[in-house]
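Here are my notes for a first look through this structure. Have the view open while you read, and take the points in order.

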Amino acid sequence: MKNFLKDFLRKLEIPAFIKDPRLTASVVIILVLSLLGSIIGMIMNPLFGLAMVLIFILTVAFTIYGTYILAGNANNFAVNLSYRIKRSEQEAMIKMPLGILLYDADHQIQWVNPYLQLYLKNDDLVGHTIESVDPELNKLLNKAIEAKTSENHVVSWDNHQFEMVVQDNLGVIYLLDITRYAKIEDKYKADRLAIGQVFIDNYDELSEAMHDQQLTSMSSYVQNTLSDYAKEFNSYLKRIDEDHSLLLTHKQDLDKMEKNKFSVLDKVRQETSRNNTPLTLSIGIAFGSDSITEIADQAQSNLDLALGRGGDQVVLRQPGKDARFYGGKSNPMEKRTRVRARMVSNAISELFKDADRVFVVGHTRPDMDSVGSGIGVVKIARLHKVKANFVLDVNNTNYDVARLVTHMKKSKGDDNIFIDPKVALDKVTDKSILVMVDHSKYSITYSKKLYDRLKNRIIVIDHHRRGEEFPENPMLTYVEPYASSASELVTEMVEYQQPGTRKRVLTDIDATAMLAGITVDSKEFSLRTGTRTFDAASYLRSIGASSLEVSELLKEDISSFLERTRLVATIKMVQPKMAMLCGPDDQIIDPIITAQAADTALELENVEASFAITRRSKDTIGISARSMGDVNVQIIMEQMGGGGHLSNAATQIKGITVKDACTKLEQAIETYKKEND
């Protein structure tokens, strides 16, 4: 009976859910119970049994009829549902706001849905190549195929924004128009808040020498100029005090300012210079975070960076991103006071008293300024009975530093100032202090291992403009970009160590080394030299520095002179008043000789800026850049990954030839000329 029903149900071709064994079992049980009832009824009473037989027959008939009806309804439902699904798929493919294009191996169009055809604006598409129909769409297709990815990405096409997916193995392009949402996103980005801190660099110094009327006139001019500039770019400017203002703007207006290259810097500098009251602005601007506090903190940090680089510039940076610099066209103005030098001198003395040992490091291949200033710091530390050494491998130095080491060994002064880097690492403790002189970059520090060991106990004394690669949490920072040299800064600190003690801080040879450092970095007192430079030199001479010994230390040997001369002989003018010197690619030339060659070229007529390019090692090219002040070589070198001063900068490039470096430099110079003409 059960098998008979299964065969019977199979013949009905009913849906699978009716063929379920549980349903079949239920039907069989009902029929069996009806049959048993009929048999029992016949035994008990013929009439009752006949009635039960009739009921059994009706049950069987109703079951068969009901099965037919159920099967028919189920089949109709399935057919109708399948039809609706297929129709919906067809309607979606044709009418939904998603462009679909099918193409073959030759990029010929095989089919386009009506939605995408509206964008192509051409009825006759099938059989034509995508390039002939729309070259721009073909470029987007080729670019997506070259990327070898089927992930969706946003593209611009036909003045719209689309989310594009290309499945080249299937020959299909999907384009979803997201222009509306892209505009909302663009508006969100454009309306994001940017905060700026505006500072008048040398307001205090100029105001001290002015009478009230002049001061009021100057202050009004600067405030009106800043207000007009803010109004021009739909920004809000609020003066906080005499030399400090707050700027609020939207990202879209900030972009316009950046495109304008913050022309307010040039306007204020030029107009005030004509009135013999030369003022410059430093501006730090931040954006790009959902936290206003984070933006404000970053803006202040950017202002500190602008001031640390010498002022007269804008530093633009969002949290976690690289900074962009604008301006910096003028030489840093002398705005430190002796009060500042005395405060730093006292502060560093207090820090030294709490340390068990002081290690002083210069930059890689330290020059006389690096070593001279380092010796001065060592002597300050020892004055307070703290063990201190300058970290240097005395067997691997430049010729001038080697002469100094020899002179110091022969003299009656200290002969244990220098310490080998490996020995220093063995002696360092958690209470030691690392002093970085004449540099502030980790990438060029003399001992990276020592830096890593004491990265939270660092003091920076430098005269170069502060860059992004600056110690995160220095204990003390003394960065004065206008100073001629680090030795000048340390000399003033030494002066404030003298009162109250009868001990002599520097020996004659120490003072001579520091004077040599000033002489080298100021190019014999011809560049970046202020009254404080001569004051420092005068003080060193008064305590025993010998100008004759300085000349002896800085004498150039014959081979170096000849090598420098050969390098200068390669000079060529790449721009009006800009000279380039390119050394041989198969010869490693000492960086000092390279720098000296750039200095020599600068002494020639009609040369305002010079660039010397030589090979430093097997995989490194070095560029030394010099300027008389009209050309900002710092900006040019920063384009190539370096930095420095407006008139003295450098960079190093790995993995290229001297010829390639010269080509890259020419491109950087051209970019600089276009931006500053």
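1. Start with helix α11, whose buried residues pack against α9 (212-232), β9 (281-287), β10 (313-316) and β11 (324-327). Keep in mind throughout that this is a predicted model. Which residues of α11 (residues 264-274) are buried? They are Val264, Leu265, Asp266, Val268, Arg269 and Thr272. After the helix comes Asn276, with a positive phi near 60 degrees.

2. Now the open sheet. It has six strands, ordered β14-β13-β12-β15-β16-β17, and they pair in parallel. At the edges you'll find β14 (418-419) and β17 (476-479); each has a single partner strand, so one side of each has no neighbour in the sheet.

3. β16 (residues 458-462) pairs with β17 over four bridges, in the parallel sense. Which residue of β17 is the bridge partner of Ile459? That would be Leu476.

4. Helix α18 (residues 486-495) lies across β16 and β17, and runs at about 110 degrees to β16.

5. On to the nonpolar cores. The largest one has 55 residues, and those with the most contacts inside it are Phe352, Phe390, Leu404, Phe418, Val435, Ile461 and Leu540. Helix α14 gives the most to this core, with eight residues. Apart from this core lies another, of 28 residues, including Tyr229, Leu237, Leu247 and Leu281.

6. Ile461 deserves a click of its own. Setting aside its neighbours within four places in sequence, Ile461 is in contact with a list of residues that includes Ile348, Val377, Val435, Tyr478, Leu489 and Met493.

7. Next, an aromatic cluster made of Tyr119, Trp157 and Phe162. Tyr119 and Trp157 form a tilted pair, 6.3 Å centre to centre with 35 degrees between the planes. This pair links distant parts of the chain: Tyr119 is in helix α4 (residues 114-120) and Trp157 in strand β3 (residues 153-157), 38 residues apart. Both residues are buried.

8. Why does the other pair of Tyr119, with Phe162, count as edge-to-face? The ring centres are 5.2 Å apart and the planes stand at 75 degrees, and edge-to-face takes planes over 60 degrees apart. Since Phe162 sits in strand β4 (residues 160-167) and Tyr119 in helix α4, the pair ties together parts 43 residues apart in sequence. Phe162 is buried, as is Tyr119.

9. Beyond its neighbours within four places in sequence, Ile178 is in contact with Val154, Gln161, Phe162 and Glu163. Is Ile178 buried or exposed? Buried, because its relative accessibility is 15% and the cut-off is under 20%.

10. Last, a loop serine. Ser447 lies between β15 and α17 (448-453), and at 8% relative accessibility this residue counts as buried. The Ser447 side chain reaches the backbone nitrogen of Leu450 at 3.3 Å.

Notes:
Residues are numbered from 1 along each chain as its sequence is written. This is a predicted model: local features need pLDDT of at least 70, side-chain atom pairs count only at pLDDT 80 or more; totals for chains, interfaces and linings use all residues. Side-chain values use heavy atoms; hydrogens and water are left out. Two strands pair if DSSP finds at least two bridges between them. Helices (H or I, at least four residues) and strands (E, at least two) are DSSP runs, numbered from the N terminus. Contact means heavy atoms within 4.5 Å. Axes are lines fitted to C-alpha atoms, for helices over the stretch in contact, and angles run from 0 to 180 degrees between N-to-C directions. Buried means under 20% relative accessible area, exposed over 50%, partly exposed in between (1.4 Å probe, protein chains only). A polar contact is a pair of N or O atoms within 3.5 Å; within protein, one must be able to donate a hydrogen and the other to accept it, and residues adjacent in sequence count only if both atoms are side-chain atoms. A nonpolar core is a set of buried Ala, Val, Leu, Ile, Met, Phe, Trp, Tyr and Cys residues joined through side-chain atoms within 4.5 Å. Rings of Phe, Tyr and Trp (its six-membered ring) pair if their centres lie within 6.5 Å; planes under 30 degrees apart count as stacked, over 60 as edge-to-face and the rest as tilted.
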